[in-house]
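Here is a set of questions and answers for a reader who is meeting this structure for the first time. Please look through the sequence and the model before reading on.

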Amino acid sequence: MDRLTQLQDAIDAMARMFTNSIYYVHEKSGMAELNKDIPVAQPKIQADEPEVFQENMRELASDLVKKAKEIDALIEVLPGVQQTEEEQIDLLKALEEENRIVNEEYEAAVKEMELVKQQINQSLRAIADEQSQSTEED
C-alpha cells in the first residue's frame, strides 16, 4: 500500500474514532447538575459510573493522540515534505524533462520495432513464395 493511501486510511480511522468518541460521551455520560436550585430530575439509565466513564475517556483520548502521531509520522515520510516549494518545482521540471526524453526513446523503439516487423514479414513472404514455387516445380 502506498504512503498516500496509508495516510488517507489513517485520517479516515481518526475521523471514525472522533465520531465514536462523541457518541460514547453523548450516550454514556451522566447528568451533571448545573444549578443547585434545579436538581437532576432523571439520571441517564445507560450512563457509566463516573470512574468507568473517566477511564474510558482517558483511553479514547490516548487512542486519538496515538493516531495523530501515526498521521504525523506518515506525513513526514511523504516525498517532498522536507523540500521547499522551489525545490519541488525544480524536481518536477527535471522529472518532466526525463519523461520527455524517455518518451522519445520509446517512440523511436516503436518505430524501429515496426521496421523490424516489416522486414520479418517480407522475409517470411519471400520464404513462403520460394517454398510454393519449389512445390509447384516438383
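This is a predicted model: local features need pLDDT of at least 70, side-chain atom pairs count only at pLDDT 80 or more; totals for chains, interfaces and linings use all residues.

Q: Which helices hold Tyr24 and Phe53, and how many residues apart in sequence are the parts that the pair ties together?
A: Tyr24 lies in helix H1, while Phe53 lies in helix H2, which covers residues 50-76.

Q: Are Tyr24 and Phe53 buried or exposed?
A: A residue counts as buried when its relative accessible area is under 20%, and as exposed when that area is over 50%. By this rule, both Tyr24 and Phe53 are buried.

Q: Which residues does Ser21 contact, leaving aside its neighbours within four places in sequence?
A: Ser21 is found in helix H1, which covers residues 3-28. Its relative accessible area is 10%, and because this is under 20%, Ser21 counts as buried. Leaving aside neighbours within four places in sequence, the contacts of Ser21 are Leu60 and Leu64.

Q: What distance separates the C-alpha atoms of Met17 and Leu60?
A: Met17 lies in helix H1, and, not counting residues up to four places away in sequence, Met17 touches Asp63, Leu64 and Lys67. Along the chain, Met17 and Leu60 are 43 residues apart, yet the distance that separates their C-alpha atoms is 8.0 Å.

Q: Which residues does Lys67 touch, not counting residues up to four places away in sequence?
A: Lys67 is found in helix H2. Its relative accessibility is 16%, so Lys67 counts as buried. Not counting residues up to four places away in sequence, Lys67 touches Ala10, Ala13, Met14 and Met17.

Q: What distance separates the C-alpha atoms of Leu74 and Ala10?
A: Leu74 has its place in helix H2, and at 13% relative accessibility Leu74 counts as buried. Leaving aside its neighbours within four places in sequence, Leu74 is in contact with Gln6, Leu7 and Ala10. Although Leu74 and Ala10 are 64 residues apart along the chain, the separation of their C-alpha atoms is 8.8 Å.

Q: Where does Ala47 lie, and which residues does Ala47 contact, leaving aside its neighbours within four places in sequence?
A: Ala47 lies in the loop between H1 and H2. Its relative accessibility is 23%, so Ala47 counts as partly exposed. The C-alpha atoms of Ala47 and Lys69, which are 22 residues apart along the chain, are separated by 31 Å. Leaving aside neighbours within four places in sequence, Ala47 is in contact with Glu27, Lys28, Ser29 and Gly30.

Q: What distance separates the centres of domain 1 and domain 2?
A: The domain assignment of the protein chain gives domain 1 as residues 1-82 and domain 2 as residues 84-137. Taken over C-alpha atoms, the distance between the centres of these two domains is 58 Å.

Q: How far apart do the end C-alpha atoms of residues 85-123 lie?
A: For these residues, an unreviewed UniProt entry lists a "coiled-coil region". In the model, the span is 100% helix and 0% strand. The distance between its end C-alpha atoms is 56 Å.

Q: What radius of gyration does the protein chain have?
A: The C-alpha trace of the protein chain spans about 120 × 50 × 20 Å along its principal axes. A compact globule of 138 residues would have a radius of gyration near 14 Å, but the value for the protein chain is 35 Å.

Q: What percentage of the 138 residues of the protein chain count as buried?
A: The protein chain exposes about 11,800 Å², and carbon and sulfur atoms supply 55% of this area. Of the 138 residues, the share that count as buried is 11%.

Technical notes:
Residues are numbered from 1 along each chain as its sequence is written. Side-chain values use heavy atoms; hydrogens and water are left out. UniProt positions are given in the numbering used here, feature names are shortened, and annotations may be inferred rather than shown by experiment. Helices (H or I, at least four residues) and strands (E, at least two) are DSSP runs, numbered from the N terminus. Domain bounds come from an automatic or database domain assignment. Buried means under 20% relative accessible area, exposed over 50%, partly exposed in between (1.4 Å probe, protein chains only). Contact means heavy atoms within 4.5 Å. The radius of gyration is taken over C-alpha atoms; the globule rule is 2.2 Å times the number of residues to the power 0.38. Accessible areas come from the Shrake-Rupley method with a 1.4 Å probe; for residues, only the protein chains shown count as cover.
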